[in-house]
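Here are some exercises to work through with the sequence and the 3D view side by side. Try each task yourself before you read its solution.

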Amino acid sequence: MAEVTWGLATSHVPSIGAAMDNRRTQELYWKPLFDGYRQARDWMADHTPDVIVLVYNDHANAIGLDLVPTFALATAASFPVADEGWGPRPVPTVYGHPELAQHLVECLVDDAFDITVAHRLAVDHGFTVPLSVYHPDPGDAWPCPVIPLLVNVIQYPQPTAARCYDLGKALGRAIRAYPEDLKVAVFGTGGMSHQLAGERAGLINPVFDAMFMSKIQSDPQALASLSRETYIREAGSEGIEMIMWLVMRGAMDEDITRISDTYHVPASNTAAALALFENRAPGR
């Protein structure tokens, strides 16, 4: 049967993708961020999964604000890269895994999650930047198929952190119920603390970010217990994206091993982070 082998949490700041696309990663401004990725990238290159389930939010590129699903899963065979106003990123088309995706939809619905199904979907920077963080030089194709799992973190009321954590647990059960032997990696994306508009534009809260980076491994239930208002107050209006990390964490075992992490301020006006976990207890 399939298994979750590792999980990656990473920010999906659009300028991170632009820095890679324009070969600026070694400039003074960007070098500390990308140096922090090196250890995780080396490890992931040696542990290529068969499939990735990537949890992210669309930024009004494929899904308009007139119809916003709380959770959606895409089942298509391929996903074109969205044009976000300056042309699509110069990265490969993403290929999906329709059989596993359909299985996940059925299992999640049976597990009391009312999943919206996307049979066609263009993927924006929230999706492609994490793939580039994982694999910066894909050439003509990404290393494996990728299944998009979308979460509404833009329009109120967003799902609670507890609901996202429970979705992750259901996702883990669904993956393990798939009869084919597949190694699956789960990505949780977004964050960390940032606010793009309003009186608190530019807000970054390193203290809250550090707490979150610690407890995502050791005490995810504490993070799941925080209200959406707490996330927005402490991490900013866009910082609520961090609840998507809890989907990844819920899909993994209770005891996991931290392979690598990094935290950098700022990437544009955002606190950017990465945390990589192997799905096994420390020392096992």
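Predicted model: local features only at pLDDT ≥ 70, side-chain atom pairs only at ≥ 80, totals over all residues.

**Exercise 1.** In which loop is Ala112 found?

Residues are numbered from 1 along each chain as its sequence is written, and side-chain values use heavy atoms, with hydrogens and water left out.

*Solution.* 
- Step 1: Ala112 sits in the loop between α3 and β6. Helices (H or I, at least four residues) and strands (E, at least two) are DSSP runs, numbered from the N terminus.
- Step 2: Look at the backbone: phi of Ala112 is near 75°, a positive value in a residue other than glycine. Most residues other than glycine have a negative phi.
- Step 3: Ala112 is exposed, with a relative accessible area of 53%. Buried means under 20% relative accessible area, exposed over 50%, and partly exposed in between (1.4 Å probe, protein chains only).

**Exercise 2.** Find the strand order of the open sheet of eight strands, and the strands at its edges.

*Solution.* 
- Step 1: The order is β6-β3-β7-β2-β8-β1-β10-β9, with mixed pairing. Two strands pair if DSSP finds at least two bridges between them.
- Step 2: β6 (116–118) and β9 (257–267) each have a single partner strand, so one side of each is left without a neighbour in the sheet.
- Step 3: Follow β9 to β10 (residues 270–278): these two pair in the antiparallel sense over eight bridges. Ala267 has Thr270 in β10 as its bridge partner.

**Exercise 3.** Does Ser268 count as buried, partly exposed or exposed?

*Solution.* 
- Step 1: Ser268 belongs to the loop between β9 and β10.
- Step 2: Its relative accessible area is 35%, so Ser268 is partly exposed.
- Step 3: Phi of Ser268 is near 60°, a positive value in a residue other than glycine.

**Exercise 4.** Check the length of helix α5 (residues 161–176).

*Solution.* 
- Step 1: The expected span is 1.5 Å times one less than the number of residues.
- Step 2: For the 16 residues of α5 that should be 22 Å, and the end C-alpha atoms are 23 Å apart, which agrees.
- Step 3: Now see which residues of α5 are buried: among them are Cys164, Leu167, Leu171 and Ile175.

**Exercise 5.** Which peptide bond involving Pro266 is cis?

*Solution.* 
- Step 1: Pro266 lies in strand β9.
- Step 2: The bond from Val265 to Pro266 is cis, with omega near -10°.
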